Amino acid sequence: MTKRKMRNILVFLFSIPLVLCAQSGVVGGLNISKKTFKEAKSQTGLYMGLFQDIRLTSEFYIQPRLLFSLGSTKSTKNNLETITKHNYLELHLYASFRLPLNDKDHFILNIGPSVAQGISGKNKTYSNWNVIHSRRTFDEIPSFDYGISGGLGYANKNNATYFFLDYIYGLKEVRDTSRQNSKGHSISFRVGLAISLRFFDWM
């Protein structure tokens with residue numbers, strides 16, 4: 001997917017509220033990411049962005065999210081520690097099921113595709129806290145990724161506040177630059193809070 005196509009998709013998705021009943025908001029939280037390499041360890045970062053809640057029925061929504069995420073992974077080999085930081089611009093498109101728990105609260109199940117474009121990052125190798133090798137992350141691995149996202153959440157009556165847990169699995173294989181013939185996938189686990197900037201009493 002070219003940057004131009006991705007930009008056109010973003011413009012289309014976030015112009016939908018102009019013609020449909022939808023509510024906008026901000027979202028952010030913790031991002032725990034890693035690669036599925038044998039020696040890779042998870043690291044904690046942050047993410048933030050915007051979302052749209054597009055209501056199709058009282059129990060089914062479409063929810064696109066445009067996010068900027070800060071992630072990293074760490075691995076150790078021969079007493080050398082390598083930390084790879086990777087920052088992405090991401091688009092997630094969820095089918096969002098809202099199941100009522102009572103008159104005010106809703107249980108949420110989200111699932112859908114995602115795409116991510118790497119925009120910055122550094123890969124550094126340390127020996128006794130000294131940097132012995134440094135290069136740009138996306139000179140080593142592909143900058144574009146795609147995958148499947150899913151999660152569970154809670155929303156109040158008007159979807160004014162929204163707490164959720166998300167899991168993202170990248171489908172594009174990436175190689176471990178510190179090891180030959182070693183490939184893996186990116187994964188992320190996220191805890192977040194979304195707050196609507198405009199909402200209506202639909203439920």
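**Figure 1. Salt bridges in the whole structure.** A search of the whole structure finds 5 salt bridges. A salt bridge is a side-chain nitrogen of Lys or Arg within 4 Å of a carboxyl oxygen of Asp or Glu. Residues are numbered from 1 along each chain as its sequence is written, and side-chain values use heavy atoms, with hydrogens and water left out. Because the model is predicted, local features need pLDDT of at least 70 and side-chain atom pairs count only at pLDDT 80 or more, while totals for chains, interfaces and linings use all residues.

**Figure 2. The salt bridge between Arg65 and Asp166.** The N to O distance between the two side chains is 2.6 Å. Arg65 belongs to strand β3 (residues 60-77) and Asp166 to strand β9 (residues 161-170), so the pair ties together parts that are 101 residues apart in sequence. Strands are DSSP runs of E, at least two residues long, numbered from the N terminus. Arg65 is buried, at 2% relative accessible area, and Asp166 is buried at 3%. Buried means under 20% relative accessible area, exposed means over 50%, and partly exposed lies in between (1.4 Å probe, protein chains only).

**Figure 3. The salt bridge between Lys74 and Glu81.** The side chains meet at 3.9 Å, N to O. Lys74 is partly exposed, with a relative accessibility of 23%. Glu81 is also partly exposed, with 28%.

**Figure 4. The salt bridge between Arg136 and Asp139.** The closest N and O atoms of this pair are 3.1 Å apart. Both Arg136 and Asp139 are exposed.

How values were computed. Helices (H or I, at least four residues) and strands (E, at least two) are DSSP runs, numbered from the N terminus.
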